[in-house]
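Dear colleague,

Please find below the structure I am handing over to you. My notes on what was found in it follow directly after.

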Amino acid sequence: MHHQRTILRIGVLALAAIASVQVFPWLSGAAVWPAASPLLAICVAVAVRSVSLVSLIGLPLLALALVRGRWFCHHLCPTGYLLILVDKFTRLWRRHRRPGLGRRHPVSMHRFPVLGLGLCFVMLGSALSGFPLLLNLDPLVQFNGFFSVWRSTDWTWVAGLPALSLIMLGLITAIWPHLWCERICPLGALQALLGIAGKFCRHVIGWKPETQSSVGAAPVCHNSLAAPAGRGVAGRRMFLALVFGASLGWMLKRMGTSCPGPDGPIRPPGAVTEPVLWGLCSRCGSCMRACPEGIIIPDLGTGGHGSWLTPRLDFSQRYCNEWCRLCTGVCPTGTIGRLSLEAKRTLSIGTARVDRTRCLAWNEAQYCMVCHEFCSYQAVRIVEHNGVNCPEVDEALCRGCGACQSHCPAEPVRAIVVHAHVQAPVSCPDPRVSARIGNG
Amino acid sequence: MNARISRRQFMTGLAATAVSSVCLPRMAWAASGSGPTSTIYVIHGSDPGRMLAAGIARLGGWGSFVKPRQNVVLKLNAAWASLPEQGGNTSPALVECCIQECLRSGAAAVVVPEKSCSSAKDAFERSGIGAAVKRSGGRMYSPERHQFQRVTIPRGVNLKEADVVRDVLEAPCLINMPVAKTHGSSTLTLSMKNWMGSVSDRGYWHAHNLHQCIADFSTFIKPSLIIVDALRIMTTHGPQGPGKLAYPNQLIFGTDPVAVDAYAATLFGKQPFDVLYIKLAHDMEVGCGDLKQVRIVHVDA
């Protein structure tokens with residue numbers, strides 16, 4: 001029985017890692033792991049006031065938790081298993097260094113994570129206010145973040161930031177092995193709570209499942225919610241957590257501006273507007289991994305205080321390819337909405353502007369026009385000046401894809417730079433350009 | 001035995017000698033100086049395969065370019081993720097015929113390195129060229145950083161060094177097969193401009209007088225054969241398009257890049273020297289851009 005469970009856990013861990021690294025052509029598989037978390041699904045559905053198809057991926061685990069409580073934690077959770085492995089290795093290492101010191105309380109999931117439940121209610125409260133907080137605390141999101149940073153080329157420390165939360169979790173576990181799963185994990189707390197609720201419901205309707213001790217039967221939880229402080233006190237605390245989360249979310253939402261400044265970060269196509277994006281984005285890194293050009297990087301606060309680690313586009317080397325919409329298919333929270341190829345190609349995510357004082361054509365009369373050459377949407381017009389062709393941006397056609405910026409040879413600062421604006425379809429897409437999709 | 005010649009015979013002989021001694025050297029000089037200096041073959045038709053065969057036959061057959069058991073390197077234009085009928089890239093049908101013929105003529109392999117502007121995957125796929133090369137048995141690739149080699153360009157004015165695809169540099173038989181189209185900065189994309197798809201730092205060219213850099217590079221690179229695809233030409237919104245198309249239905253064959261480009265420019269209603277890099281290359285004696293001095297042979301296929 002124990003071996004069966006170990007094999008199951010290793011298998012799930014490997015599958016989850018493969019999905020998160022996105023080595024399969026069915027990239028949407030990457031969205032599955034974080035989206036399978038009922039906590040994420042509930043928070044997102046509450047925050048956006050609608051249930052999307054991706055949210056429904058959380059249903060099986062929700063149902064499982066109602067019947068079996070924290071069965072998922074004991075048998076499937078890849079993050080939990082990683083933490084168990086970290087703990088085992090730490091103990092081995094310690095025992096090797098100083099024999100006799102290895103006897104510590106191992107990682108276990110049997111206690112009820114009261115603190116986690118508090119966090120869970122803070123998350124739910126903030127979701128109620130439309131600005132979900134702390135989504136990154138979901139263990140499946142953290143797991144995905146760790147594996148989504150792997151790329152074969154152009155690895156920078158900024159691109160590696162989504163991995164940080166799981167690394168920190170590992171470090172915490174190496175010091176306090178039972179801290180996360182037993183006390184803090186909000187997903188575990190939610191499942192335990194659902195387990196109790198399910199038990200209560202079954203008690204009310206008088207239904208008793210016959211096979212309580214089937215495969216790897218784990219206790220729902222040893223300590224009930226009410227055990228340490230009494231049912232009433234716990235209920236009051238959770239209510240306070242809910243109110244606290246709601247007011248915090250409401251305050252942060254009010255503090256953010258609805259529109260980023262022109263120097264703010266350019267978001268991937270289909271992204272929700274700010275500041276909702278700050279909350280809704282779980283920082284799982286899936287979009288960054290999905291981008292074949294590697295231009296989606298974590299923001300370092302250029303878009304405001306809440307913008308940390310959210311995805312932004314970096315046009316310094318490459319640009320958002322006309323025929324690609326991979327990032328729009330992997331977001332587990334709907335921060336980056338799904339787009340058809342046609343919708344993506346007519347969506348403007350920013351506007352390029354020419355700085356004539358830096359432009360080689362305007363300023364030095366060079367036969368440059370690289371921006372015109374690379375623009376897929378014919379948004380760079382040719383204006384003759386001093387006998388050479390000079391560029392001018394047609395804002396009605398510009399998609400802000402960054403092709404011009406990434407290839408501009410002006411040094412050290414590019415002469416054509418994409419500035420942010422609220423994403424909107426272009427007002428008059430060129431019919432010839434649009435027609436290309438028909439026979440493509 | 002009357003060996004003496006008559007006065008009349010003497011006078012005739014004298015006159016003939018005088019005339020020939022004055023005129024013949026002049027005729028010889030005229031033949032070398034102001035006659036056609038290079039020859040290009042313009043093949044008119046609709047079937048790329050037959051046109052290709054006709055053009056190569058005029059140039060002495062594939063045997064004069066393709067050496068048995070040696071590689072052929074084909075520099076075509078697959079820069080953009082646009083469809084074949086939009087004229088942004090070389091015609092895939094022409095590419096397929098060319099590779100098949102090269103292999104049939106005994107080439108060990110046909111290698112097609114192309115540093116595209118759009119992402120290589122999209123460009124090779126949407127242009128239809130990736131599939132055409134695969135079908136015909138060639139090998140197409142987008143060169144990585146390590147596949148370039150730094151070379152010096154001794155006669156370069158602005159472009160003194162460049163990183164060029166190694167296969168292009170080492171090719172025993174190098175075929176340049178551009179598509180003719182307009183260009184926002186170089187006026188037209190023709191055979192000399194096509195080499196920008198074999199170098200790593202295109203931005204340098206744009207920032208340091210593009211026309212001069214194109215001419216500079218042409219002093220260095222010597223293709224064995226040039227075939228310009230002018231089956232359909234993009235006359236507006238080049239180089240990426242989509243733009244207006246014209247259909248000259250021509251293939252232009254030659255070994256002199258300047259002459260080939262000069263003729264191709266006329267298809268766009270331009271004088272050859274309206275395109276600055278053709279003028280510069282002509283002045284640097286890369287080839288002859290003055291069409292009066294180029295023998296243009298029109299052939300129907």
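In this predicted model, α9(B) and α10(B) are roughly antiparallel to each other, because angles over 145 degrees count as such. The angle at which they pack is about 150°, and their axes lie 10 Å apart. Helix α9 of chain B covers residues 257-266, and helix α10 of chain B covers residues 276-283. The crossing of α9(B) past α10(B) is left-handed. On the side of α9(B), the contact is made by V258(B), D261(B), A262(B) and A265(B), and on the side of α10(B) by Y277(B), I278(B), A281(B) and H282(B). Sorted by class, this contact of α9(B) with α10(B) has six nonpolar residues, one polar residue and one charged residue.

Helix α7 (residues 78-97) of chain A and helix α10 (residues 164-175) of chain A cross at roughly 45°, and their axes come within 9 Å. That angle makes α7(A) oblique to α10(A). Here α7(A) passes α10(A) in a right-handed crossing. From α7(A), the residues T79(A), L82(A), L83(A), V86(A), D87(A) and T90(A) take part, and they meet L166(A), L169(A), G170(A), T173(A) and A174(A) of α10(A). The contact of α7(A) with α10(A) divides into six nonpolar, four polar and one charged residues.

One single residue also deserves a description. T219(B) sits in helix α8 of chain B, which spans residues 210-220. Is T219(B) buried or exposed? T219(B) has a relative accessible area of 9%, and it is therefore buried, the cut-off being under 20%. Leaving aside residues up to four places away in sequence, T219(B) touches I153(B), R155(B), G156(B), M284(B) and V286(B).

Finally, a word on confidence in chain A. The mean pLDDT of chain A is 82, and 85% of its residues reach 70 or more. Over residues 212-230 of chain A, however, pLDDT stays under 50, and the model has 31 contacts beyond four places in sequence for this stretch. The pLDDT is also below 50 over residues 434-440 of chain A, a stretch with 21 contacts in the model beyond near neighbours in sequence.

With kind regards

Notes
Residues numbered from 1 in each chain as written. Chains lettered and ligands numbered in written order. Predicted model: local features only at pLDDT ≥ 70, side-chain atom pairs only at ≥ 80, totals over all residues. Heavy atoms only, no water. Axes fitted to C-alpha atoms, helices over the stretch in contact; angles between N-to-C directions. Helix = DSSP H or I, 4+ residues; strand = E, 2+ residues; numbered from the N terminus. Parallel < 35°, antiparallel > 145°, perpendicular 65-115°, else oblique. Left-handed = near helix turned anticlockwise from the far one by under 90°. Contact = heavy atoms within 4.5 Å. Nonpolar A, V, L, I, M, F, W, Y, C, P; charged D, E, K, R; others polar. pLDDT = per-residue confidence, 0-100. Buried < 20%, exposed > 50% of the residue type's maximum accessible area, 1.4 Å probe, protein only.
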